[in-house]
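Dear colleague,

Please find the structure below, together with its sequence. My notes on it follow.

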Amino acid sequence: MAGPAHTRGLEQELIHPHSEPHMQKASARADIPAELTWTLDDLFPTVAQWDAELAALDAALPTVQPFQGRLGDNAATLLACLDAVEQLEQRFMRVATFAHLRNAEDGTNPAHQAASARVGALGARLNTAVAFVDSEILDLPDGVVEHFLAQEPGLAPHQVPLRDLLETKPHRLSPDAEKTLAELGEVLGSPYLVYNRAKSGDIQFAPFQDANGVTYPNSVNLFESTYEGHEDVSVRRNAWASFSAGLKAYNNTFAATFATETKKNVVLGRMRNYASTEAYLLQPHKVPPALYSNILTIIQAELAPHMQRYARLRRRVLGLDKLLYCDIKAPLDPEFNPRISYDEGCKMILEALAVMGPEYCHFVRRALSERWVDRANNIGKSSGAFCASPYGVHPYILITWADTMRNVFTLAHELGHGGHFSLAMQHQRFVNMRPAMPFVEAPSIMNEMLLAQHILGQSQDVRMRRSVIMQVLGTYHHNFVTHLLEAELQRQVYALAESGQPITASVLNQRKGNILSKFWGDTVEIDDGARMTWMRQPHYYMGLYPYTYSVGLVASTAMAIRVKDEGQPAVQRWLNVLMAGGTLKPLELMQAAGVDMASPQPIHDAVAYVGSLVDELELAFPA
């Protein structure tokens with residue numbers, strides 16, 4: 001219901017794309033050509049108008065107070081209150097998105113930082129103002145809510161969130177305690193805030209030189225979008241040394257934020273009488289615990305041998321005596337690695353997504369041509385990529401374009417999020433726009449699968465096929481390895497915290513190193529930089545987000561095969577599911593699309609598919 005208004009719809013889905021060699025020097029935001037940036041006019045034409053709406057929304061918070069103590073009077077009163085809360089949260093999402101996007105485009109700007117802080121404070125006040133709603137509904141006698149739903153047709157859009165709320169009844173605290181937690185919302189969100197501020201505004205990386213003495217600047221975006229996949233081993237490894245040293249300087253700071261976030265969730269889970277912190281964090285995911293455990297256990301066990309084969313192939317093709325962690329994303333055929341301009345990438349994506357039909361492609365064309373995408377590389381810009389979808393406006397996509405094929409796949413991914421929420425906004429009310437987290441990544445990864453199918457279907461050229469296969473393997477590596485091993489670290493860290501063990505930089509480095517060593521075996525050398533990779537991702541501050549990438553990849557792997565085999569009927573099922581928004585639980589959405597995620601079989605099938613890709617790549621790079 002009222003829920004965490006200050007976070008609803010604003011989850012940053014960050015992608016750290018694989019890259020190709022392309023030097024890009026970051027400029028000041030003011031020096032970036034407008035056509036490379038997004039325009040936020042559709043949210044608020046001016047900062048002054050945003051400021052006025054922020055003040056107006058703050059002044060409107062008391063409008064829900066007349067409903068306090070009256071939600072059990074009748075169905076009409078409950079409906080009026082829920083509609084009022086929905087309007088406040090919808091307005092908040094718009095003002096919060098504006099501040100979030102400005103801060104993402106340049107987190108070093110003091111005005112952007114201040115605006116984000118104001119939004120955080122307003123979100124806490126909004127949560128406090130509506131905190132009584134959930135408590136009063138849960139205090140109603142059994143059967144009253146169901147009676148009101150049957151009596152008042154206007155409550156139909158609120159049916160799903162109401163039933164979700166009733167499921168939390170055994171875990172609710174007293175109204176006063178719930179109000180206090182709501183008032184502390186800004187404080188409880190501070191670990192994520194501190195992490196982001198340090199990463200985007202404070203952390204520095206020393207310049208480095210390649211084997212020829214050429215000096216390169218370094219930053220999070222430059223490393224992750226350019227150097228990590230550079231063909232020159234001296235550039236790649238020296239950039240890695242610079243990057244690792246920069247992370248090392250913040251090792252204890254980031255460990256403290258990670259530990260605070262972890263302990264916060266452990267305490268909240270215990271306060272609410274959940275069996276474990278994982279049970280507490282999985283509640284809003286609306287999936288059986290078996291899915292979470294199957295994803296973590298099956299993929300790690302069955303995927304490791306395939307990825308170790310891939311690592312051995314990499315070492316052989318690259319001609320290295322040992323494969324360092326920073327070599328995992330090096331291009332295997334750099335000469336067949338042409339730079340792809342933004343316009344060329346857009347054309348490729350539109351052709352690949354034509355199978356999705358005219359309405360979906362109309363959205364994609366608008367997103368690519370009407371400045372809904374920010375693709376510049378500037379100082380202070382958020383790393384990776386994400387899609388924000390403010391209700392009633394349109395999605396916005398952030399990416400740092402470096403003329404690589406990986407950029408094309410990443411942009412297709414974010415357009416998958418945008419297309420999903422664009423359709424959901426057209427067919428669902430605000431309260432039903434977003435599905436639970438385990439489904440969120442399926443539409444985005446589905447677009448990557450369709451892009452790969454399209455490119456592979458266009459050519460039988462060996463070099464082209466193996467190039468695309470490596471991109472697809474990059475997608476699986478990103479979701480089945482990077483994010484899945486994040487989830488494994490979470491699983492271990494929460495177990496440690498629940499047993500009262502301290503969470504320090506040393507513990508996190510050791511645990512992460514052990515997880516990587518177990519997965520890669522003796523095929524990849526795990527150095528100090530690899531042990532600190534937990535510092536690179538914000539997902540640890542988003543509950544149990546990391547494992548959901550693998551859920552999405554499993555579902556989209558199965559769905560892409562169905563689209564290839566069945567054609568339009570499968571596409572229409574998928575579009576219907578996207579339109580459904582959050583009206584169904586994740587497994588119900590996938591079932592409606594034709595994928596049975598209640599069974600572990602799709603997980604086995606997806607991992608086997610990765611194995612088949614490695615098989616083909618081994619044939620394409622004969623010894």
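I begin with the second largest pocket, whose lining comprises 8 nonpolar, 4 polar and 3 charged residues. In these classes, Ala, Val, Leu, Ile, Met, Phe, Trp, Tyr, Cys and Pro count as nonpolar, Asp, Glu, Lys and Arg as charged, and the others, Gly among them, as polar. This is a predicted model, in which local features need pLDDT of at least 70 and side-chain atom pairs count only at pLDDT 80 or more, while totals for chains, interfaces and linings use all residues. Residues are numbered from 1 along each chain as its sequence is written, and side-chain values use heavy atoms, with hydrogens and water left out.

The volume of this second largest pocket is about 330 Å³. Among its 15 lining residues, Ala452, Gln453, Leu456, Lys564 and Tyr609 are the closest to its centre. Two or more lining residues come from each of helix H17 (437-458), helix H18 (462-498), helix H21 (546-566) and helix H24 (601-620), and H17 gives the most, with 5 residues. Helices (H or I, at least four residues) and strands (E, at least two) are DSSP runs, numbered from the N terminus. On a 1 Å grid over the protein atoms alone, a pocket is an open set of points with protein on both sides within 12 Å along at least five of seven lines, a cavity is a set of points where a 1.4 Å probe fits but cannot get out, and lining residues have an atom within 4 Å of a point. Grid points are joined across faces, edges and corners, and a volume is the space filled by probe spheres set on the points.

The structure also holds 7 cavities of 30 Å³ or more. The second largest cavity contains about 230 Å³ of space. Its lining has 18 residues, with Tyr325, Lys329, Thr482, Thr533 and Arg536 nearest the centre. H18 supplies the largest share of that lining, 4 residues. The classes in the lining of this cavity are 6 nonpolar, 6 polar and 6 charged.

Buried means under 20% relative accessible area, exposed over 50%, and partly exposed in between (1.4 Å probe, protein chains only). Beyond its neighbours within four places in sequence, valine 468 is in contact with Ala452, Ile455 and Leu456; contact means heavy atoms within 4.5 Å. Arginine 466 is also in H18, and at 13% relative accessibility it counts as buried. Residues up to four places away in sequence aside, arginine 466 touches Asp333, Leu617, Ala620 and Phe621. Between the C-alpha atoms of arginine 466 and leucine 617 there are 6.1 Å, although 151 residues separate the two along the chain.

Finally, how do helix H13 (residues 289-318) and H21 cross, and within what distance do their axes come? They cross at roughly 85°, and the axes come within 10 Å. The two helices are therefore roughly perpendicular to each other. Axes are lines fitted to C-alpha atoms, for helices over the stretch in contact, and angles run from 0 to 180 degrees between N-to-C directions. Angles under 35 degrees count as roughly parallel, over 145 as roughly antiparallel, 65 to 115 as roughly perpendicular and the rest as oblique. Leu291, Tyr292, Ile295 and Ile299 in H13 meet Tyr547, Ser550, Val551 and Val554 in H21.

Yours sincerely
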